[in-house]
Amino acid sequence: MKLALDAQMFHRTHAVTALPDAVARAGYQWMELSPKEDFIPFFQYPRVDSATVATVRRRAADAGVGISSVLPVLRWSGPSEDARQAAVRAWRRAIQIAVDLGVDTMNTEFNGRPEGAEHAEAMFLRSFEELAPDFEREGVRLVLEPHPDDFIEDGHAAVDMVAGLDRDWVTFLYCTPHTFHQGNDPAGIIARAGARVTNVHLADTLDHAASGGLRYIVNPPGSTVRVHQHAPMGAGEVDFDAVFAALAAAGFDGTLTHCVFGWEERATEVVTSDRDTITALVAKHFGSDTVLESAPGRNP
């Protein structure tokens with residue numbers, strides 16, 4: 001099992017080449033590279049050249065930090081055919097970047113629109129079939145997560161879609177800050193996924209449906225926005241004991257990634273405090289003798 005950091009709270013103050021050192025200072029041995037303006041921006045073609053990719057790989061090695069995954073978010077489920085084709089082109093470049101970084105795992109979202117789910121699914125499947133040879137040729141695992149406001153939001157439905165794709169290199173990501181948008185059933189979703197759950201994103205959030213739906217007030221009333229947070233662990237209402245108990249029951253041996261956003265002024269405090277919370281949860285539910293995997297070249 002690996003423990004990684006999505007260093008998103010350091011994105012605005014650090015170039016992508018400086019992130020490995022920030023991750024190492026926070027006490028993590030693995031990092032996830034998520035959307036960033038000078039790397040792979042949201043919904044855009046990558047903004048990084050091969051020389052910079054090589055620099056990121058070298059600086060990660062120098063810092064003793066392994067890169068556990070690359071996470072692009074692209075419009076491969078539409079809404080238009082032009083947008084889908086642009087996303088496929090961006091995906092091909094992103095896959096090459098992951099390979100050049102020595103990374104064999106790419107996490108992502110289904111994307112698409114929930115009000116046009118049938119159309120979005122058709123677009124997604126078209127993109128998936130076009131990209132499958134690239135993933136297979138390069139030996140890269142694709143890990144899919146349901147996201148609020150995607151064409152698949154429900155966790156059980158997402159697990160079934162992963163199963164339906166029927167590729168051993170396609171697996172499932174459980175994201176705790178999406179708990180209340182994907183069915184508020186971590187134990188059931190993780191049990192349904194079983195060995196297919198290979199990655200977990202860890203952050204907290206409030207239950208937007210609690211107290212008659214008044215945790216958040218959205219104007220005008222009836223708006224279809226999806227509100228959630230990626231808050232420090234303990235600041236919301238996610239039952240992390242239930243999540244980790246379910247992971248242990250499923251025999252989870254993948255990557256746990258801390259992914260808190262929006263607390264930049266407390267970034268160092270949050271990532272270090274939550275690191276200790278995560279390691280305590282691992283010891284509690286997997287056994288105190290559980291050893292987290294070290295990055296290449298690092299001692300446990």
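Reader: Where is Pro 79 placed?
Author: One thing before that: this is a predicted model. Pro 79 sits in the loop between strand S3 (66-70) and helix H3 (81-100). The peptide bond joining Gly 78 and Pro 79 is cis, with omega about 25°.

Reader: And what kind of peptide bond joins Asn 219 and Pro 220?
Author: That one is a cis peptide bond too, and its omega is about 0°. Pro 220 belongs to the loop between helix H7 (210-213) and helix H8 (240-249).

Reader: OK, switching to S3. How many of its residues are buried?
Author: Five of its five residues are buried, so S3 is mostly covered, taking buried as under 20% relative accessible area.

Reader: Which way do S2 and S3 run, parallel or antiparallel?
Author: They run parallel, and four bridges join them. For example, Leu 33 has Val 70 in S3 as its bridge partner.

Reader: Now Asn 107. Where is that, and is it buried or exposed?
Author: Asn 107 is part of strand S4 (residues 105-109). Its relative accessibility is 0%, so Asn 107 counts as buried.

Reader: What does its side chain make a polar contact with?
Author: The side chain of Glu 32, at 2.5 Å.

Reader: Which other residues is Asn 107 in contact with?
Author: Setting aside neighbours within four places in sequence, the contacts of Asn 107 include Ser 69, Val 70, Leu 71 and Pro 72. Val 143, Leu 173, Asn 199 and His 201 are also among them.

Reader: Let's do helices. How many residues does H4 have, and how far does it reach?
Author: Helix H4 covers residues 117-138, which is 22 residues. From first C-alpha to last, H4 reaches 30 Å, close to the 32 Å expected at 1.5 Å a residue.

Reader: Where does the kink in H4 lie?
Author: At Leu 131, shortly before the proline Pro 133. The kink is about 40°.

Reader: Which residues of H4 are buried?
Author: Among them are Ala 120, Met 123, Phe 124, Ser 127, Phe 128 and Leu 131. In an α-helix there are 3.6 residues a turn, so residues three or four places apart point the same way. Keep that in mind when you look down the helix.

Reader: What do those buried residues pack against?
Author: The buried residues of H4 pack against H3, S4, strand S5 (141-145), helix H5 (155-165) and S6.

Reader: Hmm, which residue other than glycine has a positive phi near 50°?
Author: Asn 184. You'll find Asn 184 in the loop between strand S6 (170-175) and helix H6 (186-193). Asn 184 is partly exposed, with a relative accessible area of 43%.

Reader: What about Phe 43, what's its phi?
Author: Phe 43 has a positive phi of about 65°, although it is not a glycine. Phe 43 lies in the loop between strand S2 (30-33) and helix H2 (50-63). With a relative accessible area of 35%, Phe 43 is partly exposed.

Reader: Last one: what domain does UniProt list for residues 21-268?
Author: The unreviewed UniProt entry lists "domain: Xylose isomerase-like TIM barrel" for residues 21-268. In this model, the end C-alpha atoms of that span lie 13 Å apart. The span is 39% helix and 14% strand.

Key. Residues are numbered from 1 along each chain as its sequence is written. This is a predicted model: local features need pLDDT of at least 70, side-chain atom pairs count only at pLDDT 80 or more; totals for chains, interfaces and linings use all residues. Side-chain values use heavy atoms; hydrogens and water are left out. Helices (H or I, at least four residues) and strands (E, at least two) are DSSP runs, numbered from the N terminus. Buried means under 20% relative accessible area, exposed over 50%, partly exposed in between (1.4 Å probe, protein chains only). A polar contact is a pair of N or O atoms within 3.5 Å; within protein, one must be able to donate a hydrogen and the other to accept it, and residues adjacent in sequence count only if both atoms are side-chain atoms. Contact means heavy atoms within 4.5 Å. UniProt positions are given in the numbering used here, feature names are shortened, and annotations may be inferred rather than shown by experiment. The expected span of a helix is 1.5 Å times one less than its number of residues. The bend at a residue is the angle between axes fitted to the seven residues ending there and the seven starting there. Two strands pair if DSSP finds at least two bridges between them.
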